[in-house]
Amino acid sequence: MSMEEEFAIGDLVHVLSDAYIFRKDKAYLVREGMWALVIEVVHDEFEFEFSEHYFSEGRRTKWHGSVKIYDEHGRSGWIHAANIVLIEKKSSN
């Protein structure tokens, strides 16, 4: 299953284990069990040259397929997709 099929903007996700979300040069801890909303997805066709404000040079390839979330505390940042699980798909209505 591709990331496009798994996660979409507006999906509700659950954090599987303590992880960090990254926003520019800062990292914020998100705890196991937290809920978050998907606000952006890095798909295969994502143009990395346009994402320099999100990813440093060394992270671009490693973070391919990740999602940007908005967590319970109002913070947003990028998290590796392996650290979250889909709880509810955004309604198509």
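Where is the place of Leu 16? In this predicted model, Leu 16 sits in the loop between strand 1 (12–15) and strand 2 (19–23). Leu 16 is partly exposed, its relative accessible area being 42%. Together with Trp 35, Val 85 and Ile 87, Leu 16 makes a nonpolar surface patch of about 330 Å².

**Salt bridges**

Side chains of opposite charge can pair when their charged atoms come close. Three salt bridges are found when the whole structure is searched.

| Salt bridge | Distance, N to O |
|---|---|
| Lys 89 – Asp 11 | 3.2 Å |
| Arg 31 – Asp 18 | 3.2 Å |
| Asp 71 – Arg 75 | 2.6 Å |

The salt bridge between Lys 89 and Asp 11 links distant parts of the chain, 78 residues apart. Lys 89 belongs to the segment after strand 7 (84–88), whereas Asp 11 belongs to the loop between helix 1 (3–6) and strand 1. Lys 89 counts as partly exposed at 38% relative accessibility, while Asp 11 counts as buried because its value is 0%, buried meaning under 20%.

Arg 31 pairs with Asp 18 in a salt bridge. Arg 31 lies in the loop between strand 3 (26–30) and strand 4 (35–41) and Asp 18 in the loop between strand 1 and strand 2, so this pair ties together parts 13 residues apart in sequence. Arg 31 is partly exposed at 45% relative accessibility, and Asp 18 is partly exposed at 42%.

In the salt bridge between Asp 71 and Arg 75, Asp 71 is buried, with a relative accessible area of 4%, whereas Arg 75 counts as partly exposed at 21%.

Methods: Residues are numbered from 1 along each chain as its sequence is written. This is a predicted model: local features need pLDDT of at least 70, side-chain atom pairs count only at pLDDT 80 or more; totals for chains, interfaces and linings use all residues. Side-chain values use heavy atoms; hydrogens and water are left out. Patches are made of residues with over 30% relative accessible area and no salt bridge: like charges are joined within 9 Å, nonpolar side chains (Val, Leu, Ile, Met, Phe, Trp, Tyr) within 5 Å. Accessible areas come from the Shrake-Rupley method with a 1.4 Å probe; for residues, only the protein chains shown count as cover. A salt bridge is a side-chain nitrogen of Lys or Arg within 4 Å of a carboxyl oxygen of Asp or Glu. Helices (H or I, at least four residues) and strands (E, at least two) are DSSP runs, numbered from the N terminus. Buried means under 20% relative accessible area, exposed over 50%, partly exposed in between (1.4 Å probe, protein chains only).
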